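Please consult the sequence and the structure shown below while reading.

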Amino acid sequence: MEFAHADETFFVESDDQPRQLRLDTRTAAKMIARQRQDVIAGELSRLAADEYLEDILKHMQTMEACPPPPSPGRPAARLRCRREIQWYMRPYLIDFLVEAHAAFVLLPETLFLTVNLLDRYCSRRVVYKHHYQLVGCAALLIAAKYGDKKDRVPQISELSNMCCGLYDAGMFTQMEMHVLNTLDWAIGHPTVDFYSQLLVAYEHDNKEVNCMASYLCEIALYHRDFVSVKPSTMARASLAVARAILGRPEVADRELDLEESGVAELMSHHLEQPSPTLARKYSSPSTYRVSHRLADFVATRAAAIAEAQRNANPPSPPADVLDKQGDIYSTPQKGHVATNVYEGYLTPPITPDGVHFGGGNLPKDSYPLPPRCPMTPTPQHNVAGYAQHARHVALANQQGLHQH
């Protein structure tokens, strides 16, 4: 909260002025009575929780098992409208809600109820991207009024300042009523935090495991894969993954079923790059610095996977180290021959075509030509002796004709 001017003498006591009491007797008595009522109410809630815990669990399971109400009828023209809200926009809005939730110091279940209201509304209405942040603020306002104390509920002016004055006060009020009417004023819904607190108390986990599980559940808010997962399933899976990250033993008499194991395995695939806003939230000593513990676990796991892959696929040895004795069934390999040594006469190259080779108009000496094939050799005989022999044969033939 900002003040118009700073008073430098606010924390300084002056000797020349009498010390004034900040609180009168009636105000102090009211504060003491209120604190006493809070203590009595907390004790009564604890005693009543033990007595009505079974009924509360049955009611929560009934609410969790009930399918969401059907979407109201929409005209065909509206169904053809292109949805402007894409899944890549979701992390930006969740970052804004996480920061607003931390700024107003709201209860943990308020954040999960806010995202639940946001998803339920977006599944029924066509939301434009310039109204997406306004819907998130309206959901946060409704969730805070539902579960938080009255003095913690954010004011509309404060939400408007967080949105940089993009929406006026009337728009927040109209959107709040529109969200409530769309959801038929069905606000309450079992959250992950509710089941996590019950499981932590039942399974005797410490606060560090609980804080790590909360961090994992808030990481899941950013991803599409966990939108339809039940809160009870998410709570059991997040606690199991939190114990594995922190190196704590699993509960002996509690095993995950098939659905919970699938969610836990899916959750382990989304641990590499959490939101920086969320990691900063869980990096303080009050949160046991679980974001740093998760980063160390992810780095150690990546190194172990890389080492296992290197051991499973060792590098191939060099070619000169291989055994030179070939298999009798292997394909014979041709020995290395120098490029400038010709054994016999090579086939003349084909003239390359296409633009890659200059369209077939390459100069003659652009590539080396093979040696030219020689002419067939002519036998070297005595020409004179061959002519004399021919004359003798001709005379003998003529004499034979005259005798006949």
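The sections below proceed from the overall architecture to individual side chains.

## Overall architecture

The model is a predicted one. Of the 404 residues in the protein, 29% are buried.

Side chains of opposite charge can pair when their charged atoms come close. In this protein the count comes to 12 salt bridges. One of them joins the side chains of arginine 280 and glutamate 99, at 3.7 Å from N to O. This pair links distant parts of the chain, since arginine 280 belongs to helix α12 and glutamate 99 to helix α3 (residues 90–103), 181 residues apart. Arginine 280 is exposed, its relative accessible area being 53%, whereas glutamate 99 counts as partly exposed at 39% relative accessibility.

A further salt bridge is formed by arginine 243 and glutamate 203, whose closest N and O atoms are 2.2 Å apart. Because arginine 243 lies in helix α10 (residues 231–246) and glutamate 203 in helix α8 (residues 192–203), the pair ties together parts that are 40 residues apart in sequence. Arginine 243 is buried, with 2% relative accessibility, and glutamate 203 is buried as well, at 14%.

Arginine 248 forms a salt bridge with glutamate 208, and here the closest N and O atoms are 2.8 Å apart. The pair links distant parts of the chain: arginine 248 is found in the loop between α10 and α11, and glutamate 208 in helix α9, 40 residues apart. Arginine 248 is partly exposed, with a relative accessible area of 28%, while glutamate 208 counts as buried at 13% relative accessibility.

## Aromatic pairs

A pair of aromatic rings is described by the distance of the centres and the angle of the planes. A search of the whole structure finds three aromatic pairs. Among them is the pair of tyrosine 167 and phenylalanine 172, which is edge-to-face, with 6.0 Å from centre to centre and 90 degrees between the planes. Both tyrosine 167 and phenylalanine 172 are buried.

The rings of tyrosine 215 and tyrosine 282 have their centres 4.9 Å apart, and because their planes stand at 35 degrees, the pair is tilted. This pair links distant parts of the chain, 67 residues apart: tyrosine 215 is in helix α9 (residues 207–220), and tyrosine 282 is in the loop between α12 (276–281) and α13 (290–312). Tyrosine 215 counts as buried at 0% relative accessibility, and tyrosine 282 counts as buried at 6%.

## Cysteines

Why does the structure hold zero disulfides? A disulfide requires two cysteine sulfur atoms within 2.5 Å. The sulfur of cysteine 163 has its closest cysteine sulfur in cysteine 137, at 3.5 Å, and is therefore too far away for a bond. For cysteine 164, the closest cysteine sulfur is that of cysteine 163, at 7.5 Å, which is also too far for a bond.

Cysteine 163 counts as buried, because its relative accessibility is 4%. Cysteine 164 is exposed, with a relative accessible area of 73%.

## A nonpolar surface patch and a helix end

Ile40, Leu44 and Leu47 make a nonpolar surface patch of about 290 Å². Isoleucine 40 has its place in helix α1 (residues 25–65). With a relative accessible area of 48%, isoleucine 40 is partly exposed.

Is serine 268 buried or exposed? Serine 268 counts as buried, because its relative accessibility is 17% and the cut-off for buried is under 20%. Serine 268 lies in helix α11, which covers residues 258–268. A polar atom of the serine 268 side chain lies 2.5 Å from the backbone oxygen of glutamate 265.

Key
Residues numbered from 1 in each chain as written. Predicted model: local features only at pLDDT ≥ 70, side-chain atom pairs only at ≥ 80, totals over all residues. Heavy atoms only, no water. Helix = DSSP H or I, 4+ residues; strand = E, 2+ residues; numbered from the N terminus. Buried < 20%, exposed > 50% of the residue type's maximum accessible area, 1.4 Å probe, protein only. Polar contact = N/O pair within 3.5 Å; in protein donor to acceptor, adjacent residues only side chain to side chain. Phe/Tyr/Trp six-rings, centres within 6.5 Å; stacked < 30°, edge-to-face > 60°. Patch = residues over 30% accessible without salt bridge, like charges linked within 9 Å, V, L, I, M, F, W, Y side chains within 5 Å. Areas by Shrake-Rupley, 256 points an atom, 1.4 Å probe, with all protein chains shown as cover. Salt bridge = Lys/Arg side-chain N within 4 Å of Asp/Glu carboxyl O.
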